[in-house]
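Here is a short briefing on charged side-chain pairs. Look over the sequence and the model before reading on.

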Amino acid sequence: MSEVQSDLLYRESHEWVRDEGDGTVVVGISDHAQAALGDMVFIELPEVGAVFGQGDACAVVESVKAASDAYAPVSGEVTEVNADLEDTPEMVNNDPYGDGWMFRIKMSDPSEMDDMLSAEDYAAQQDD
């Protein structure tokens with residue numbers, strides 16, 4: 001069973017967000033998503049300064065099995081990316097909720113957080 005952290009919010013498309021309390025969120029992909037994709041071999045991160053709408057494709061995760069888009073869980077501007085993933089994409093497999101984070105977004109509409117799934121709702125979705 002995949003790990004779901006209770007302090008995060010999730011999207012049905014398997015991204016998670018951690019609210020930093022300053023108008024920004026940290027974004028990554030869930031343990032379920034990394035396990036389904038398999039060993040990561042490449043991650044294409046968005047550019048700092050790029051602006052995305054909620055649900056826009058903004059990154060690509062490539063594994064030994066497949067390449068998949070990651071989607072912006074909220075609208076806003078990318079303020080930081082985890083450059084360590086360029087050389088060690090497997091950090092997403094090893095620690096998807098810690099060192100495997102992907103990028104930070106300064107939210108343009110914090111109310112979009114209301115559209116996110118709680119850990120309990122996301123976990124229940126995985127059981128379906």
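Which side chain meets Glu 20 in a salt bridge? The partner is Arg 104, at 3.0 Å from N to O. A salt bridge here is a side-chain nitrogen of Lys or Arg within 4 Å of a carboxyl oxygen of Asp or Glu. The structure holds two of them.

**Basis**
- This is a predicted model, in which local features need pLDDT of at least 70, side-chain atom pairs count only at pLDDT 80 or more, and totals for chains, interfaces and linings use all residues.
- Residues are numbered from 1 along each chain as its sequence is written, and side-chain values use heavy atoms, with hydrogens and water left out.

**Salt bridges**
- Glu 20 sits in the loop between β2 (15–19) and β3 (24–29), and Arg 104 in strand β9 (residues 103–107), so their pairing ties together parts 84 residues apart in sequence.
- Strands (E, at least two residues) are DSSP runs, numbered from the N terminus.
- Glu 80 also meets Arg 104 in a salt bridge, at 2.7 Å from N to O.
- Glu 80 belongs to strand β8 (residues 76–81) and Arg 104 to strand β9, so this pair links parts 24 residues apart in sequence.
- Through shared partners, the salt bridges join Glu 20, Glu 80 and Arg 104 into one network.

**Exposure**
- Partly exposed lies between buried (under 20% relative accessible area) and exposed (over 50%), using a 1.4 Å probe and protein chains only.
- Glu 20 is partly exposed at 34%.
- Glu 80 is partly exposed at 32%.
- Arg 104 is partly exposed at 22%.

Note on methods
Helices (H or I, at least four residues) and strands (E, at least two) are DSSP runs, numbered from the N terminus.
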